[in-house]
Amino acid sequence: MEVGVAKHGIYLILLISLVTLSNLSTVRSSSSDLQIVDAERRIDVTSHIVRVYLTLKVENTGKSSASEVLLAFSPEQAKNIANLQAAFVTGKKKKKSYLPLKVNPTDLPDSPNGTKYFTVYLLNPLSTGESVTIEVLYTLTHSLQPFPVEISQSEPQLVYYHDSALILSHYYIKKQKTMIRTPSNKVESFTRVEPADRKGTELKYGPYEDRSPYSYSPVIIHFENNNPFAVVEELVREVEISHWGNLQITEHYKLAHGGARHKGVFSRVEYQGRPSGSGASSFKHLLAKLPPRVHSVYYRDGIGNISSSHLRSDLRKSELEIEPRYPLFGGWKATFTIGYGLPLQDFLFESDDGRRYLNFSFGCPIAETVVDDLTVKVVLPEGSKNPSALVSFPVEQNLETSYSYLDVVGRTVVVLKKKNVVPEHNIPFQVYYNFHPMFMLAEPLMLTTVFFLLFLTSLAYLHMDISIRKS
Amino acid sequence: MEDSSLRYAFGNVLCFFILLLIGLLAFSIRLFSVIKYESVIHEFDPYFNYRVTQFLTKNGIYDFWNWFDDRTWYPLGRVIGGTVYPGLTLTAGTLWWILNSLNIPLSVETVCVFTAPIFSAFAAWATYYLTKEVKGTGAGLAAAALLAMVPSYISRSVAGSYDNEAVAIFALIFTFYLYVKTLNTGSLFYATLNAIAYFYMVCSWGGYTFIINLIPMHALLCIVTGRYSSQLYIAYCPLVVLGTLLAALVPVVGFNAVLTSEHFASFLVFIIIHVVALAYYIKGILSPKMFKVAVTLVVSVGLVVCCAVVAVLVALVASSPTKGWSGRSLSLLDPTYASKYIPIIASVSEHQPPTWPSYFMDINVLAFLVPAGIVACFLPLSDASSFVILYIVTSVYFSGVMVRLMLVLAPAACIMSGIALSEAFTVFTRSIKFQFPGISQSHQIDAGDTSSEPSGDVIQNVVKTDKIDEPVKEWPSRRNKKKEKENVEKTSKPSIKSKIEKRLMVLPLETSIISLCLLVLLGAFYVIHCVWAAAEAYSAPSIVLTSHTPGGLHVFDDFREAYAWLSHNTDVDDKVASWWDYGYQTTAMANRTVIVDNNTWNNTHIATVGTAMSSPEKAAWEIFNSLDVKYVLVVFGGLVGYPSDDINKFLWMVRIGGGVFPHIKEPDYLRDGQYRIDSEATPTMLNCLMYKLSYYRFVETDGGKGFDRVRRTEIGKKYFKLTHFEEVFTTHHWMVRIYKLKSPRNRIRSKTKKSKSKSSSSTNLKRSGTRKKNPWH
């Protein structure tokens, strides 16, 4: 309990520091000035990454104009939010267009029950009486709790999803409804908060009307989810730039099955004989989407090549289907390494001011995986200067030096670290640096010199008489 | 003179490039395994060496010497630093360290994989030098080229075969080269190098005892045949003194270097050579008459002393049970020893005597060239050539005892064949040259200095043997040597008469041409065979198997599947029991503690595992539980037809287990002397743990038949349940099956059941098992 409190304390301090960092010099409009006219929430729990689409129609009822909208989350949920995006919607149903909005985690001094907030900054301040539609997408990881915690080979995997039937909000909500999509129509149970209804794979809560701020009504949904719970506990991606024309990527994975733990016997007879009924929640394939024109792909682990993988590549994309050495059941782990080369001209460009920059995607290339701990290392060529990274979401950054083939001064490595990464983070980031092409010749020249000296010394040795006694 | 020196320079450069190409050939012919399979460590022992190298590179040399490995031979453990030949590990570790300090970030695995091919190139070069010392450059080049691709050596040194032999063969040949070089030059410098090379060999392989017996034998041969010289003394004595001192520094050898019988020959000859040297010395300073008197005196006294010494030695040797010889050495002297007394040594396939086809497979046409080479070595017989003859004769004997020692034969066969080929080519080309009309006009002028190098060297050798009695006083520096060579040439000019006499013994032109063609054809056949052997026969890593099916290549990667599963999904301190073959791989690939491994130093421990495997389920459970075992791993080939599985090795388990625990009797597992697993099999067989773990639920794979593809029969007992074990993992092709010991039941069993179990299981092991389970009684 104390630990929990301490954790929360740290979290608070972090949040406060974040708040102070973000320039919140503008006077915050008071909460009562805004109200949500219509809210619709669609929760997708078909895979192990929970995606929530939230459509809010916000109206300013206050006197002054408002430029920010607060989104509220329970602390449990806030902990698992991997990604949150907001967009401003214009146009009617068919001609909708989205304008991305800036979002920042925020902290309020008097938040009830440790509620966490995100602030959405509107493009134009909302003047009195106006309304605006915002669409919010956020992804939650590790939010599906397997129950029973341990299952045997023949059992399906059942999970709990905890949420509230009512949208937790800082504002008064006039009208709201929530839809939850389950992977199949096998739903063991769900908390009823009338009006609630289930049709096929969709659960519907609401519509509820006129709910005051911070209304909360916890619900639990217990359903079957046999989708692969592929969790990469640790991923290190190394991107090595060689100005001779190659971009070498090496990815070290620590993969785990994050679902209900496997219990007791693993029978190969049953697994191979009845593929449908046995080991339903296990998985043996993963699909990695690699950039086009990929070459020299390898897939191995600490004890050698893993011989089960297929590469399909066309002009637009390459797909690498990888199979771990053994099927992964709940709680089983595997480690492996994927490496591939890419043509440099697809990813390295020169900016207007003469600096070079690498434009590469950030996240994990394997589809539908959660990465708990992602480290991206961009190894710049020897002799590069002034590196700077540009990432569109907060990451931890630092610099390292690594030594590779015949390096003397070492290569600068830009290290980017991020926790809780979902496929939504697969967006390009940039690393800018200065590089003089002369450095490309450093190593060949060095080798030439060494061999030249070698020949010179052997020449000298052969022409010298170093015996002590003269014959 | 200008012309000839240019010719020399050209010859040297040509020779250098040929050697370079030979090295390249030796390296690249061993890369088939990497190209066809992958860059991976092969088989069993290399995995241990790889693991040790990893430890060395991670923790440094001092931790390596003090390493007590608690992940093997549980609960005994093993002192790695003191029981391993460190040469290979240190070599690869040093290579890795150098590369890394040059910022070439190769992994330890890569360095280990390519160590063997690199050292094969070195071995080819060492062969060149050795043969050059014996019969000249031409023979040297031929021998080096043959050795670069001899299948026998390839089988132990393909890329990935990271085993002691890979570097040891280089060390062996290089030691021999330095010995012969010292014999030829009498230089103390080479004698010291020789001792150091011997030290490297001792570090690398237990086969060093071959050197320390062969060289004394040669020294003795020289003395007996009256070829004693100061060169022999310089070649022999520093090697014994320095070599023994250095050998004693290697922890695994230690005092064995002076205590075991394997080394006695060298000391005996050491004494003899001193006696002989003394005799020669005294002979020099005394008049012949006085010398005769002295001889009778010394012989009578010496005999008495010798008898005393021999008596003491015999008493010492006889007091030890194995007569001071290790089991493996004994089985060399008496080929039937192992099969009679030590089933563990006999159970290893590479310790079996080879069959005739395996000679053809491993040294191919060399087998036919060797006799010719021996003949060539007698024309004329020098110290060096007598050494090579002795080497081939002894190695032929040893290779006949153990398949594994074919490896020692291979370099000798290559040297002999190189000499034979070179001599044959010399004879034939000379015949052609003399009879070819275009050249015959100028042959008189050329005769002096354009004789092909080998024959020139023969003369050089003759000259040397003439000079042998003169003490070599000059330090042979590079300059001097050149002069010496020129001198040799000068001296060879006067002997032109004898040469022309030789020239007259030419063969007819047609015969020569046909023979040359046949020789080239023979060589081509050898090359084709070697490439085939390297590509098809010897490059499989044995941890990953492939088969060609109509649908394409099918890969069986079950071993690594199982090891990867163990390493990721079991607790880090869990103990895994399996037959000892898989011990090294389990510790290296799965990083789990094993009960027994390929080191086989403790027969009782292996017998315990063998007993457990051949016991009924409950007794086996008790044995395994007493050893803290949590998982049992068996290898089963019945589904895909993989013949070297545990069922086929099972009789050895019974034999080894029965050797220590007499209640396991081999006849119980045999029906009328036949080993079978079908419905005719004995109940003991059908109820033993190995049978049950192998065939558990096997019958469900092919719809109730249970057809074993290795034994080509339906299994005897098809439906049964396991009560004390549960299947936790089986690989894709069923080749590895892993079972977990069920935890013991909580309740105390009733007395009747207990007495029943007592009667069915072994006494002392069972006692510990019951004590564990039932602490109240």
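Trainee: In strand β27 of chain A, how many of its ten residues are buried?

Mentor: This is a predicted model, and a residue counts as buried when its relative accessible area is under 20%. Strand β27 of chain A spans residues 370-379 and is mostly covered. The number of its ten residues that are buried is seven.

Trainee: Which strand of chain A runs parallel to β27(A), and over how many bridges are they joined?

Mentor: The parallel partner of β27(A) is strand β16 of chain A, residues 230-242. Within this pairing, A:Val231 stands opposite A:Val370 of β27(A). The bridges that join β16(A) to β27(A) number eight.

Trainee: Is A:Val193 buried or exposed?

Mentor: A:Val193 lies in the loop between β12 (187-190) and β13 (196-199) of chain A. Beyond four places away in sequence, A:Val193 touches A:Ala165, A:Tyr205, A:Tyr208, A:Ser217 and A:Val219. Its relative accessibility is 18%. Because the limit for this class is under 20%, A:Val193 counts as buried.

Trainee: What is the distance in space between A:Val193 and A:Glu400, C-alpha to C-alpha?

Mentor: In sequence, A:Val193 and A:Glu400 are 207 residues apart. In space, their C-alpha to C-alpha distance is 54 Å.

Trainee: What area is buried between chain A and chain B?

Mentor: The interface brings 34 residues of chain A into contact with 35 residues of chain B. A:Arg268, A:Val269 and A:Ile303 supply 22% of the area that chain A buries against chain B, more than any other three residues. Carbon and sulfur atoms give 49% of the area buried between the two chains, which is about 2,900 Å².

Trainee: Which residue of chain A meets B:Asp557 in a salt bridge?

Mentor: Across the interface of chain A and chain B there are four salt bridges, as well as 20 residue pairs in polar contact. In one salt bridge, the N to O distance is 3.1 Å, and the partner of B:Asp557 is A:Arg325.

Trainee: Which element gives the most residues to the side of chain A that touches chain B?

Mentor: Elements that each supply at least two residues to this side of chain A include β20 (295-301), β24 (333-343) and α4 (442-462). The residues of this side divide into 13 nonpolar, twelve polar and nine charged. With four residues, the element that gives the most is α3(A).

Trainee: Which side chain makes a polar contact with the side chain of B:Thr53?

Mentor: B:Thr53 is found in helix α3 (residues 45-65) of chain B, and it is buried, with a relative accessible area of 1%. Not counting residues up to four places away in sequence, B:Thr53 touches residues including B:Thr89, B:Val108 and B:Cys112. The polar contact, at 2.7 Å, is with the side chain of B:Tyr162.

Trainee: What percentage of the residues in chain B is buried?

Mentor: Chain B has 37 helices and 13 strands. Of its contacts with a separation of 6 or more, 73% are between residues 24 or more positions apart. Among the 777 residues in chain B, the buried share is 51%.

Methods. Residues numbered from 1 in each chain as written. Chains lettered and ligands numbered in written order. Predicted model: local features only at pLDDT ≥ 70, side-chain atom pairs only at ≥ 80, totals over all residues. Heavy atoms only, no water. Buried < 20%, exposed > 50% of the residue type's maximum accessible area, 1.4 Å probe, protein only. Polar contact = N/O pair within 3.5 Å; in protein donor to acceptor, adjacent residues only side chain to side chain. Contact = heavy atoms within 4.5 Å. Buried area = accessible area lost by both parts, 1.4 Å probe. Salt bridge = Lys/Arg side-chain N within 4 Å of Asp/Glu carboxyl O. Nonpolar A, V, L, I, M, F, W, Y, C, P; charged D, E, K, R; others polar. Pairing = 2+ DSSP bridges.
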